[in-house]
Every structure is written in structure tokens, then in C-alpha cells.
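Have the structure open as you read.

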Amino acid sequence: MEWLSAENVVAVCTAVLGIAASGVMVWYERRTPRRKRIGYRVQMDNPIGDDVRLGRANVRLGLFDEAPDMTDATLVLLRVENDGSQGIDRDDYTSPEAHGLTAVFSDRTIRGVSVTQPSDTDHLMDHFTAARGFGYDGNTLRVPRVPLNRGDHFKLLVLLSGGDIGSEIRLSGGIRDGEVHPNRSATPDEKPPLFSRAARMITIMLTASVLTLATIVVTRDDSRPPIGCASGSLTLTGSTAFARALREVAQKYEGDCEGASIEVDPHGSTAGIRELEAAGAERKAKGTQGSPPLVALSDGPKPTGLPQLRENRVAVSVFALVVNDDIPLTNLSAQDVRRLYRGEIRNWRELGGPDLAVHLVSRDANSGTRQVFQRRVLGRGEIANSSVDCVHKDDPTAPVLRCELDSTDQVLATVAELPGAIGYSELNEATRSKGLHLLRLDGHTPSVDAIEHGTSAYPYREIEYAYTYGQPPADSLASSFLTYLARGNGQDVIRTHGHIPCSTPEGLKLCAGTSGGLAGDSGDAGD
């Protein structure tokens, strides 16, 4: 369910935490009385003498050395502060004695006391008099009823003897509607924390939640699935020259559209057309309505006599002749290519190349790449096959060695390995291959850009068709995928693989020709 997505869960938890924290604070303010509080903390407890059991021996000069009872003396700085939410008056102290608070220094004896306060609270000094209870006896210090506004404080510097450094120091007394409590010890220059521990924890949790939500929002993929997604299974067959682009488009569609499963199983254009025709006929014979979940891609138009197959023009594919790198030639005339494939040229030296026998590496009869080559370059069929392994001539009467392979990849690998070999391939696949190079035809370079912009008469190119058996339902996976392929996000993939999408302005012109031809063709492919 979409509302249970990670970002929604984090957002809801963050909102709940914020509302709960705010509610707790409001409840605390309204239900909990505004308390009066006096806090205290020991900011210093240091040895002066050299016989203090838990301190270190010190070097003393002057009064610290000359005064009696200094051998085990210590100095304590005690800070007393109003850290509550209200001011404290003299009458707020509940002690029955004249003084308000009592400080006890365990196991030590008080030898002297000095009172300090901030410069803006000089009036506090008037309260530290014997008449108001200020004094000490043994280990007990009596602190007067000092009125303290919120945030006010004073400090007591106490000289002690005996006892241990760090022994307990306790301040006690009664406060009406309040309390006296110890605070965290701090150095004289250290400021008390601005926020309480609870406030800091709430802030940390809220910050962590907001950061988590922001990370999810920033890193998530906000791209919406394409309009018209469909689920189900679909098989794509046919052209091996278009297979690499087709696989990537299929994977992208499956990623964009949940529930779609697309298999790419190319066996050649003609084989794909026959498979589609057979699947449709079998479905029709069984009385099953609708189009089979099968799309056949073909380099060029379907054979005549198959009116039930419906065409979709997808792209313009560019093909190229390739030769082994041992052949230094880079350009051939169309006439020389026809002579090569008629078996009239047996050695490359007849064309100005090295003394190497010609090996024609071709595709099988199911190949759309071969049919485009025969239709648009040769103007006729190729000569008979004379070799199984492309190395040894099985028919000694054949003028040249010619073999047939099942896929574009096989042709490219064989041409790259076999000296004297020539073959043909889809352009983008050929440009990535090593051990071979492309040939120009009549000086025209196989170039997608030049063909797209109408500046090249390069002939070895053809429309890529996608065929279905009849019209698939509008809500079917086949219909949705074809829209995605021809006019949706698939266009970008098609272009990156070296094809020209028919849906672009330039592609529309190139794909506007009638079946069997391309708009912008010039000349005849025949002799």
C-alpha cells in the first residue's frame, strides 16, 4: 500500500513525536506547579596542605605556610543558585531558625568563609550577617535567608581542615512549594546547560526523524510510471540486429511498470515473422480471441501475403559492411561489392588489397540484415553457401568461399578472426568490435547523424518494423509496450544504440516511405 511507504511512516512518526512532545510540555506547564528551587554545586574542592589524605603535597609560601592548621587544609567553592521558575523571598524559607539553609562538610572542620556574588547583585551581601544567622560551627555552615530572583546566585569560598578531598558536601533546608537539590558539578567558568536533558533528547529525536525523512525524499525516485502501463507476459522475437536495444527497452519497461514480464528471444527477422504468423494461426484455429502475446521485430517489411500482420514503424537502422583488419581497404564501390558477392572477385589483390582469398561471411536466410543487404545494396540474392566452418571450402566448384551464420555477433567475431573475411552487421554493433573496420560505399560513410540530417545517400539502411498478429487490445501488454517503444521512454534507448526513432521529426521523414522503401532514397540498388 502506497500510504505505508517509508517516507510516509517516518513523516507520521515525526509528526506524532512532535505533537506528543508539545502535549507533554503543555501538560507539564498546566498540571505541574511552578516550583521554587534552590540548586547547589561544588565548583572547587582543592587541597592546600601537604598532609591531605586524598590530595597531593603542595608547596606553600606566605600565609598558607605560616598560618596554623594549614598542613591538611582544603578550599571548597560552593555555588548556590535559584534555578527554578519563580523568585524566592525571605519568607519562602521554612527553617525554624534564623538562617535558611545549612551546609554540612562531612569529616572536615570549617576554618573560614568568604562570600562572593555577581556585580549586579550587591544587595545580597546585606543578608550575610550574624544577626540573620550567618555563621559556622565545626563542619556546619549556616546560610541566611537570602532572597534570590530567578537566575540569581552567590558563592561561598570555604577554608576547611581535616577530612578527605571529595568527601560529601550537602546543602539542606526547606523552601515553601519548592525544594533544595544538588546540580551537576561544574568548573567556576562553566555555564549551566541551556536546555534540560529531556529537551535535548526530544530535539535530537526530532532532528534525526526530519533528517531521515529528508534523506528518503531526496534519494527516492520520483519519476512516475509511464501512462498506460500493463501487466502480464510478452515475448519479443525477430531481429538479432535490434536485439541489444530491445533488451534494454524491455528491462526499462519492467522497471517502470510493475507486473510486466518481457522475454527477448531473437532468431532473425524472417524466423520471427514466421513464428508470429504460426502463433496467430494456431490461436485462431482454437477459436481464441485476441492477438497472441508475441511481437516480431523485422529489419525491413514483412513478406507479401501476410495481411493479418499489423506493422508498427519503430526506427531506422543503419548497417555496414565490415572487413578483417588485414584488408587495408576503406572504400568500395557498390559495383565492386556486387561483383564480390557474385563470386567474380576471388582475391583482394584484384581490388588493390593484399594477396588474400575472399571469404564471404553472411547471415542465414532468416536474417533481416541479409535481406536488407540483398535488397538495398546487391539488388539480388547472394550466391550459394559453400562452407560450413567459414574456413574450408566444402564445394570445390564454388568461385569463392561463402558461409552463413545465425547472428550478428557470430558474423562480427568470425570476420575479426578470419584473414580475408568480409561481412555485414548493424552499425552500432560493428563500431564496438575489434579486429575489423567499416567500409564506405561509393564514398558514403555509414553515419547515423548524416542520414538523420539528410546529408548522406548511404544505401545500407532500413526501417525497423514491429509486427503483431492483428490489432492487440488497447489495454494489453503488447499495445502498451509498443507505445513505450515507439513513442515513450524507449526512444532514448533506441537512440543510444545507434538507431533513429521514427517518432522524431527527422525520423518521421525517413520512416514516411511506403513498405519496402525509405523516404529520401536515391538511385536503384540494382545493377
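What follows covers the disulfides one by one and then the asparagine.

This is a predicted model, where local features need pLDDT of at least 70, side-chain atom pairs count only at pLDDT 80 or more, and totals for chains, interfaces and linings use all residues. Residues are numbered from 1 along each chain as its sequence is written, and side-chain values use heavy atoms, with hydrogens and water left out.

**Disulfides overall**
- Taking a disulfide as a pair of cysteine sulfur atoms within 2.5 Å, the count comes to three.
- Number the bonded cysteines in sequence order and the pairing reads 1-2, 3-4, 5-6.

**Cysteine 229 and cysteine 257**
- The sulfur atoms of cysteine 229 and cysteine 257 sit 1.9 Å apart, and with -60° about the S-S bond the link is left-handed.
- Cysteine 229 is in the loop between α3 (197–219) and β10 (232–238) and cysteine 257 in the loop between α4 (243–256) and β11 (260–266), so the pair ties together parts that are 28 residues apart in sequence.
- Those labels are DSSP runs numbered from the N terminus: helices are H or I, at least four residues, and strands are E, at least two.
- Cysteine 229 is partly exposed at 35% relative accessible area, whereas cysteine 257 is buried at 1%.
- For those words, buried means under 20% relative accessible area, exposed over 50%, and partly exposed in between (1.4 Å probe, protein chains only).

**Cysteine 390 and cysteine 403**
- Cysteine 390 and cysteine 403 are joined with an S to S distance of 1.9 Å, and this link is right-handed, with 100° about the S-S bond.
- Cysteine 390 belongs to the loop between α7 (368–378) and β16 (401–405) and cysteine 403 to strand β16, 13 residues apart.
- Both cysteine 390 and cysteine 403 are buried.

**Cysteine 502 and cysteine 511**
- Here the S to S distance between cysteine 502 and cysteine 511 is 2.0 Å.
- The torsion about their S-S bond is about -70°, so this disulfide is left-handed.
- Cysteine 502 is buried at 6% relative accessibility, and cysteine 511 is buried at 7%.

**Asparagine 312**
- Asparagine 312 lies in strand β13 (residues 309–324) and is buried, with a relative accessible area of 18%.
- Beyond its neighbours within four places in sequence, asparagine 312 is in contact with Glu464, Tyr465, Ala466, Thr468 and Leu482, contact meaning heavy atoms within 4.5 Å.
- Alanine 486 is 174 residues from asparagine 312 along the chain, yet their C-alpha atoms are separated by 8.1 Å.
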